Amino acid sequence: MLANILVTTLVNAAAYAMLAVGFSLIFGVGRIINLAHTAYYMLAGFSIYTLVATAGCPAAPAVLLTIALITVIAVLCYKLLIDPMREHETTVLIITIALALVFQELMLKYFGGQFRSVPSLARGFFVILGVQVTRQHALTCMVLVLILGAVWLLLQKTRLGLAIRATAQDKEVANLMGMDVSRIAAITAAISAALAATAGALVAPLNILEPHMWLHPLTIILAIVVLGGLGSIKGSILGAVIIALSESLVIFLLPQGSFLKGAFSLLIMIIVLLIRPEGLFGVALEGER
Amino acid sequence: MIRDMMGRIYRNFKGEILVLPGRTLALLVGLAIFIAPLLTRDIYILRIITLTSIFAVFAASWDLLSGFVGQLNLGHALFFGVAAYTSAMLNLYLKLPPLLTIPLGAIAAVAAGLAIGIPCLRLKGQYLSLATLAFPIILKGVVYIFKQYTGGELGVSGISRLAGSRLAECYIALLLGVSLCLLIWKITDSKLGLIFHAIREDEIAARASGINTTAYKLLAFCLSGLFAGIAGGFYAHYMRLAGPSMLDVMLSFQAIIWTIFGGIATVYGAVTGVVILFPLMEVMRAFPEIRMLFFAVTIVIVLRFMPEGVAPWFLDRVEKECPRCKERNAFTRRNCRVCRTLLIAGKEVSAGTEGQTGHPTD
């Protein structure tokens, strides 16, 4: 039981952290609440399904191809639909919802609404401390942690990362310092989508695949991001761990827990917000009015 | 005496409505909707008209809180659902008539507004929006747990009807919809509306001017909850069902989509959005496969080219704002109908016209 809880928590936390970090990045740099973020995750799941189960492509190239494909789609959407609307905050919100709906409906049309499962990218299992851990779980977890580390390095150690952080902190000053703010925002959108696509590609074999699967993770990552502090990468990761842990505790320990998993995570978010209105690691955006 | 009064009404009608193409069009569409039920008696059309008026109130109530006060509420379905469940359960278990259950449901929605408003007003901006998103989802979880009272996924069904016939229900809904939307419009046009605008534009400045922003934001939550609650209770009695779909994330998003599609922070925009999109989507039920796709694509394309919404875009085309006195004028006029200022700014500035300093602002 305990081991089950731990394994589920780890995998979910890694996947949620990937999604939440991407969401946080584009929010920080572009002040865009991208509600289509988890739709990219859903698209990646379907892309992996098509490539592996239908076309018989081996796992590694399928994952890479998926990530590339989703990133291109996301950047196109960003450049054509979101970027020109940036001044109208609420309009951006609606456009991203509508985009998510477009993706959902396209997938419904081509794949139908039935539940599907993707074959594991790695078969077999091994035993740690008397617990069966499938290779797929271990692989997902490891890759996700590695990528999160890579993103962390990118943000902290490279010039691009510095530019992204500077733009997130103050767009106008960053612009005055000679950074191409709109290009940085586009790059951030690409990174963010690539992270969502990676999460989708790796988590898809563990979950059931269907076109509505973006809505639940969306509410969860919104909770995580708010919990951790909007725009904070550290906060997103910690928030992901907290929410994933609470979710698996509710599912495993409460009767009818799966009905409550969303409600419980959101309750935690609200409690944290009441104590710390700007989230765990949030910067109070007081200068922005 | 009577002739005098009629004359005044006619002059007001001519001077306030017929001079502006937007208002004339709204009046014509409104009249057409009022007459349509008498002409067809088709149950399907009656249903579309009834639901359109209910959702117009729902969207306008979202606009009041989110458009005017700027407290972007992503969980507006909470008010709708709370009122629908309250009305339905009061009606089913206590056998109260709809005339009592709908106001009681609306009061429950106001209570919900207070319950989420008081804790959430510590939050600012996007934090507030994302926190409000959570409440309907949490309540939905609660609904699923107390299955024996709420019916779980099936909802509370078998509640009493509003009126004897569908036609009567349709007219009740229309009258209620029109009067509530006008009431919301009046509120936003009053001093209260001015305070709401001030809070949205600059909360710190509003507070510095002696406005108790917290109290007013709470008032906005309650008012918005009240109107959304009336719509919710009405909807429950019309559908004779209160189900978990009324607490759905998609319902909250619908209110936002309708309002922003029509034009945010203008009550008429919210109503326009519903009047255009809701019947359109009902007609599209004939093509169930592409219905949602069509909906989403329409919204993306329309908002891509009219980011302010359909109604303001249209009004900008057919009406011009006088640069001096800010009165609106039909696009055909050369001079302002009130102060005679030349309207065609920039093209020809004749010597005699003063007050050409400011350009028309949008």
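The following questions and answers cover one interface and several helix contacts in a predicted model.

In this predicted model, local features need pLDDT of at least 70 and side-chain atom pairs count only at pLDDT 80 or more, while totals for chains, interfaces and linings use all residues. Residues are numbered from 1 along each chain as its sequence is written, and chains are lettered from A and ligands numbered from 1 in the order in which they are written.

Student: Which element gives the largest share of the side of chain A that touches chain B?
Tutor: In contact, meaning C-beta atoms placed from the backbone within 7 Å, are 38 residues of chain A and 34 residues of chain B. Two or more residues on the chain A side come from each of α4 (89-111), α9 (215-228) and α11 (257-275) of chain A; helices (H or I, at least four residues) and strands (E, at least two) are DSSP runs numbered from the N terminus. With 13 residues, the largest share is that of α4(A).

Student: How many residues of the side of chain A that touches chain B are nonpolar?
Tutor: Nonpolar covers Ala, Val, Leu, Ile, Met, Phe, Trp, Tyr, Cys and Pro, charged covers Asp, Glu, Lys and Arg, and polar the others, Gly among them. On this side six residues are polar and four charged. The nonpolar residues number 28.

Student: Are α3(B) and α12(B) roughly parallel or roughly perpendicular to each other?
Tutor: Axes are lines fitted to C-alpha atoms, for helices over the stretch in contact, with angles from 0 to 180 degrees between N-to-C directions. Angles under 35 degrees count as roughly parallel, over 145 as roughly antiparallel, 65 to 115 as roughly perpendicular and the rest as oblique. The axes of α3 (residues 43-68) of chain B and α12(B) come within 9 Å and cross at roughly 80°. The two helices are therefore roughly perpendicular.

Student: Why do the buried residues of α15(B) lie on the same side?
Tutor: In α15 (residues 310-318) of chain B, the residues B:A311, B:P312 and B:L315 are buried (20 or more other C-beta atoms within 10 Å of the residue's own; exposed is 12 or fewer, partly exposed in between; C-beta atoms placed from the backbone). The arc is that of the directions from the helix axis to the C-beta atoms. They lie on the same side because their arc around the axis is only 95°.

Terms used:
Two residues are in contact if their C-beta atoms, placed from the backbone, lie within 7 Å.
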